[in-house]
Amino acid sequence: MRIVVLVSGSGSNLQAVIDAAQSGDLPVEIAAVGSDKPEAYGLERARSAGIETFIAPLQKGATPEQRQEWNRRLGEAVLSFEPDVLVSSGFMRIVSAEFLDTLVRTDGQAVPMINTHPALLPSFPGAHAVRDALAHGVKVTGCTVHQVDSGVDTGPILAQTAVEVLPGDDEPTLHERIKTAERDLLNRVLAETARGEHTFS
Ligand code: GRF
């Protein structure tokens with residue numbers, strides 16, 4: 001199964017996929033890693049692993065037209081690698097419904113997009129899921145891998161893992177424990193997808 005992975009930051013979840021793919025534990029070929037941020041460390045991880053990278057920057061304060069154009073450029077870059085699945089792993093951008101609709105390979109195969117999220121959706125969607133869960137005082141949170149639709153973290157849920165909130169947790173300690181669970185979950189869902197165990201809408 002060929003995948004393209006999108007990252008915006010450190011890419012530690014991406015590293016877990018790279019490691020599993022390179023060790024032969026995961027039947028996945030990472031065709032390319034893309035980012036909206038040229039400085040994303042995830043791009044460095046990809047280059048070190050000999051994986052192609054691409055950048056699709058989105059300027060600050062972009063107008064709706066500029067966003068549309070960015071979606072178009074991102075889609076073109078992704079499709080040039082002819083992936084089976086597009087993975088958003090710490091990619092901190094919302095893509096448009098048109099972007100998802102045009103994710104179709106030249107052979108006519110639709111390319112599903114999946115995302116990892118550091119909370120048990122539908123609780124705590126958005127960019128500050130760990131902070132929001134702590135502020136709410138939940139005792140259990142976790143991570144979700146879901147298909148991306150045109151909403152914010154609203155697409156069909158593929159798998160989840162619960163993570164306990166411990167006394168004294170702050171955002172970094174809790175997020176780190178969630179990310180440990182998230183790496184296993186993402187690799188598990190990718191393996192299941194490669195075996196045809198998930199159906200995408
Ligand atoms: C993950 O928790 C992801 O769900 C969230 O950002 C984190 C990415 O971490 N959106 P990394 O870049 O893989 O280290």
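## A loop with a cis bond

Pro122 lies in the loop that runs between β5 and α5 (129-136). The peptide bond joining Leu121 to Pro122 is cis, with omega at about 10°. This is a predicted model, so what follows describes a computed structure.

Glu82 belongs to the loop between α3 and β4 (85-88). Glu82 is not a glycine, yet its phi is positive, near 50°. As background, most residues other than glycine have a negative phi, and most peptide bonds are trans.

## The ligand and its shell

The shell around the ligand consists of Ser10, Gly11, Ser12, Asn13, Gly90, Met92, Thr116, His117, Pro118, His175, Lys179 and Glu182. Sorted by class, the shell has eight polar residues, two charged residues and two nonpolar residues.

## Polar contacts and burial of the ligand

Which part of Ser10 comes 2.7 Å from an oxygen atom of the ligand? The atom in question is an N or O atom in the side chain of Ser10. For Asn13, a polar backbone atom is 2.9 Å from an oxygen atom of the ligand. Thr116 also uses its backbone: an N or O atom there lies 3.2 Å from a ligand oxygen atom.

How much of the ligand's area does the protein bury? Taken alone, the ligand exposes 370 Å², and the protein buries 90% of that.

## Salt bridges

Side chains of opposite charge can pair when their charged atoms come close. In this model the count comes to 14 salt bridges. One of the pairs that meet in a salt bridge is Arg73 with Glu69, at 3.9 Å from N to O. The cut-off for such a pair is 4 Å.

Note on methods
Residues are numbered from 1 along each chain as its sequence is written. This is a predicted model: local features need pLDDT of at least 70, side-chain atom pairs count only at pLDDT 80 or more; totals for chains, interfaces and linings use all residues. Side-chain values use heavy atoms; hydrogens and water are left out. A residue is near a molecule or strand if one of its heavy atoms lies within 4 Å of it. A polar contact is a pair of N or O atoms within 3.5 Å; within protein, one must be able to donate a hydrogen and the other to accept it, and residues adjacent in sequence count only if both atoms are side-chain atoms. Accessible areas come from the Shrake-Rupley method with a 1.4 Å probe; for residues, only the protein chains shown count as cover. Ala, Val, Leu, Ile, Met, Phe, Trp, Tyr, Cys and Pro count as nonpolar, Asp, Glu, Lys and Arg as charged, and the others, Gly among them, as polar. A salt bridge is a side-chain nitrogen of Lys or Arg within 4 Å of a carboxyl oxygen of Asp or Glu. Helices (H or I, at least four residues) and strands (E, at least two) are DSSP runs, numbered from the N terminus.
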